[in-house]
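Please keep the sequence and the model at hand while reading.

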Amino acid sequence: MHRRRVLGLGAAALTAVLLPARAQVASDPRSVLTNWYKLSLQLVRHTATYSPPVASRAFGYLGVTGYEAVAACDEGMTSLAGQLNGLTTLPRAGDGVHDAAAVLQAALSATVAHFFSNTGPSGQRALATMTRKLDAQVAQGLAPEVLRQSVGLGQAIAAHIIDWADVDGGAVVENMGFAQSYRPPADPSAWVPTSLIRQQQAPLLPDWGRVRPFAMPAGNTCALPPPPVYSEDPTSDFYAEAMEVYTATKALTDEQALIARFWSDDPMLSSTPPGHWIFVANDLISRHNLPLTVSVDMMARLGIGMADAFIGCWHDKTEYNLLRPVTYINRVIDKDWKPLLITPPFAEYPSGHSTVSAAAATVLTGVLGEAFAYEDFTHEREGLDARSYASFWQAADEAGISRLYGGIHFRSAIEQGMEQGRCIGAHAVSLRTLA
Amino acid sequence: MIRALVLILLAAPAAAQTVPQFVEETTPAGLEHSFAGEWEYMVGGGVAAFDCNGDTLPDLALAGGTAPAALFLNQSARGGALAFTAVVSGIEMEGVTGTYPIDIDSDGITDLVLLRVGENVVMRGLGNCRFERANEDWGFDGGDAWSTAFAAMWEAGASLPTLAIGNYINQREEAYPWGSCTENWLHRPDGGGYGAPVALTPSHCALSMLFTDWNGSGRKSLRVSNDREYYEGGQEQMWHLEPGQPPRLYTEAEGWKRLRIWGMGIASTDLDADGYPEFYLTSMADNKLQRLVATGPDATPDYGDIAWARGVTAHRPFMGDDLRPSTGWHAQFADVNNDARADLFVAKGNVWEMPDFAMADPNNLLLQGADGVFVESAGTAGVASTLAARGAAVVDMNADGALDLVVVNRNGPAQIWRNAGVAGNWLKVALEQPGPNPTGIGAWVEVRTKDHLQRHETTSGGGHVSGIWGPQHFGLGDADRAEVRVIWPDGQVSDWAEVAANTVATISP
């Protein structure tokens, strides 16, 4: 009765249950998996505390939940317990008969409800609807005792994950993540607020670098060298990097402007940078008919790698507390210059999108290969056409340089961020899972 | 030309800023009403303030959500305590989110537009506070949507006003409401009635609309404030409305700058009397106060945000220990202390158990000082209710020249406050013109006292599903006389007319 390695199902089988009825296998676990990720991406966008670091944390725990729910019913899969910081042995299926789809549904529905417990009325309504419909879907054709045992196992796994998550230092987010006050140091290189929004006069999540990582040992495991020394001397490296941003943004091609917008991934207006990569991976599960075990393995590694990327990145942002291009350029080069993108309300170095994209590319390349070509439909519903990539690294490189085109990062933050992402992503790649 | 005048005329009046004292009289006034409902009524909750029986006192029509809408007859003694009596008027229908008063057929009797979850209904005023459905008689297609915004204006030569109606989420979308914004509609006159509504696409879940002459051109454009919670690829909008032409969005090439907020309400007035209105946009956390970056004949719709500089971000509760961000809804500029400077009221309230936003979220009353900076005064003024406010109206309900306040709360009692009086003098300006548009919607009213100029555009719409129909109120400070002139919708400019303070001045072309 264990549903292991569900193979050979067409992409239609993974169609969201909430879309108009189409032919589908009622209790394909991958449908459960992809539906919850689709809803989670919406909830990230529509829940006020879900800035990129917070979103990455949720995707990390959802990934582990999905993986462990499937692994609990598959003796061929290695649990992440003992491999991830602080994760102790999880419940397993044991001798009882379990259904993987029902276990997955029970685990993910409880975990998503927990991480998005603070979402608004429409999110709560959608959560309830998704739970009700997927509960009904997975129950079809199952003996009551099998359903009961499966739901119990899934709920136990979720409870274990939630207890583990609640003590990682990132569970409580107040004031939408913004510190209540901030006094910039006298150092001219220090970050200063760049927004006229009152709430954003202090940096976002200044302590995020101390959140417990998943796979890497500590927040400073992949620490970076310092950025170029601050200088207003036109012959300095720092000035040169600022001038590069200035000149590039003054002469943007349409394609460069499109790239900047495609990877903008603003919080509260999109599913954020980690959500962008989750969307891609979730979409690939359906489009490429990936096996269940590969799917949950990929989503777990991706979530873990990106969550750690934000912890490492934020560790160095706080360490160096570097000012943004708009501050320097307005001060030194052109007082009227404005970047194309909204400057994020926190320190510049390194680039978060670069770090997380390199971590994502590292993980996805490890799972699906070096030359895995794909199309990215993330922003199709918002009117931006899909973009095609020959590899995950091509996409990650584009995500990195998009921040220079957008006028919100210097080149060093992008290049060093990419290096940091590679380093952090390798820890997720090295996890033992399907062996 | 007007810009030059500003430098001379903006000197502040001599009267010092005073905090008006409001007295809540909800219970003794007999205003017993609630806007109720679950998900489909998390937005909405409007009030229309207008005189329906010819006694010059504003009566109140309140949306009820799942409860029937209700009309309350104003029986306040002039200068005395507020008093209202519920009367059967014909508007008692369920599903009403918002109410706007307007004289659609220009017969001198105010009509009502009822925005609803379901079919919108236009109610013809019959006099003596009675109304009847007029959708069929006027050819008005009420549609079937979750309607949450309204604006009206008379296009040149039209016998009926053009009505813009903003719609929200697809109310039948249970699982994925995001991205399900339904079409906004433009109802334009066609013959003796209305033609089929024109879809204002793209539509992005509008919660407020306002026709405005934003650039002093004499032409009206339609501003739309949209809720970013539900749109995909959306932003704030402004539409061209040219005679005989289909509506057309302002574009980035024309200078329009993309802004994405939880847009919930629009208030406007010409704060600096330079000929160009400023716009206050309510949202969650920081609210926006927009002023044109550059004015003049070639002005483009490029707005800077001066909310922080002017002290009106109102981004979190100003009192209590709840430090979570605020949620703003109805906003209205009005001079509540009669010091000749527009103040700002903002209705506040959590959407619906959103734990990242303040639950105890007091309304704001921001009094403008001589330096143009607003100072929070709702606490000392006595209007800092922490019920879940939505719509509101700042209007003189007992004809004493001091503006009173009514607020509609979601799943809680509506509240009413009497302004117990302020020292400054005041003036009310009523516009009258023959034919269509009898009260001069679209006109600019200018009031001059000594070296101080106030300008306000006469509009129908905006706020959060709430509207006022009646004379415009201006504070005069210690001036005992004022000069008034009107720039009519057709461009005619009346002569300056001298009027005495503390009166209602009726101005005709």
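In chain B, four strands form an open, antiparallel sheet in the order β33-β32-β37-β38. Strands are DSSP runs of E of at least two residues, helices are runs of H or I of at least four residues, and both are numbered from the N terminus. Two strands count as paired if DSSP finds at least two bridges between them. At the edges of this sheet stand β33 (452–457) and β38 of chain B, each of which pairs on one side only. From one strand to the next the twist averages 30°, where axes are lines fitted to C-alpha atoms, for helices over the stretch in contact, and angles run from 0 to 180 degrees between N-to-C directions.

The model is a predicted one, in which local features need a pLDDT of at least 70 and side-chain atom pairs count only at pLDDT 80 or more, while totals for chains, interfaces and linings use all residues. Residues are numbered from 1 along each chain as its sequence is written, and chains are lettered from A and ligands numbered from 1 in the order in which they are written.

**Pairing within the sheets of chain B**

Within the sheet described above, β32 (residues 444–449) of chain B and β37 (residues 481–487) of chain B pair in the antiparallel sense over five bridges. On its other listed pairing, β37(B) is joined to β38 (residues 497–500) of chain B by four bridges, and these two strands also run antiparallel.

A further open sheet of chain B has four strands in the order β16-β17-β18-β19, again with antiparallel pairing. Its edges are β16 (206–212) and β19 (248–249) of chain B; each has a single partner strand, so one side of each is left without a neighbour in the sheet. Strand β18 (residues 237–240) of chain B is joined to β19(B) by two bridges, and the two run antiparallel. The table lists residues that stand opposite each other in these pairings.

| Residue | Opposite residue | Strand of the opposite residue |
|---|---|---|
| Arg448(B) | Glu483(B) | β37(B) |
| Arg481(B) | Ala500(B) | β38(B) |
| Ala482(B) | Val499(B) | β38(B) |

**Backbone features in loops**

Thr201(B) and Pro202(B) are joined by a cis peptide bond with omega about 5°. Pro202(B) is placed in the loop between β15 (198–200) and β16 of chain B. Chain A has a cis peptide bond from Tyr349(A) to Pro350(A), with omega near -5°; Pro350(A) is found in the loop between α10 (325–333) and α11 of chain A. Cys129(B), although not a glycine, has a positive phi of about 65°, and this residue lies in the loop between β8 (121–127) and β9 (130–133) of chain B.

**Domains and helices of chain A**

Chain A is divided into domain 1 (4–165) and domain 2 (179–429), with bounds that come from an automatic or database domain assignment. The C-alpha centres of the two domains lie 28 Å apart. Their contact takes 36 residues from domain 1 and 39 residues from domain 2 of chain A, two residues being in contact if their C-beta atoms, placed from the backbone, lie within 7 Å. On the side of domain 1 that touches domain 2, the elements that give two or more residues are α1 (29–46) and α2 (52–71) of chain A. The largest share of that side, 13 residues, comes from α2(A). The residues of that side divide into 21 nonpolar, nine polar and six charged. Here Ala, Val, Leu, Ile, Met, Phe, Trp, Tyr, Cys and Pro count as nonpolar, Asp, Glu, Lys and Arg as charged, and the others, Gly among them, as polar.

Helices α11 (residues 352–368) and α12 (residues 392–405) of chain A pack at an angle of about 180°, with their axes 9 Å apart. That makes α11(A) roughly antiparallel to α12(A), a term for angles over 145 degrees, whereas those under 35 count as roughly parallel, 65 to 115 as roughly perpendicular and the rest as oblique. Among the residues that make this contact are His353(A) and Leu364(A) of α11(A) and Trp393(A) and Arg403(A) of α12(A). The contact divides into nine nonpolar residues, five polar and one charged.

**The two chains together, and confidence**

The contact between the chains takes 29 residues from chain B and 23 residues from chain A. The side of chain B that touches chain A divides into 15 nonpolar, four polar and 10 charged residues. For the complex, the predictor gives an ipTM of 0.87 and a pTM of 0.92.

Chain B averages a pLDDT of 95, and 97% of its residues score at least 70; pLDDT is the predictor's confidence in each residue, from 0 to 100. Over residues 1–16 of chain B the pLDDT is below 50, and beyond near neighbours in sequence this stretch has 30 contacts in the model. Where pLDDT is low, the predicted coordinates should not be read in detail.
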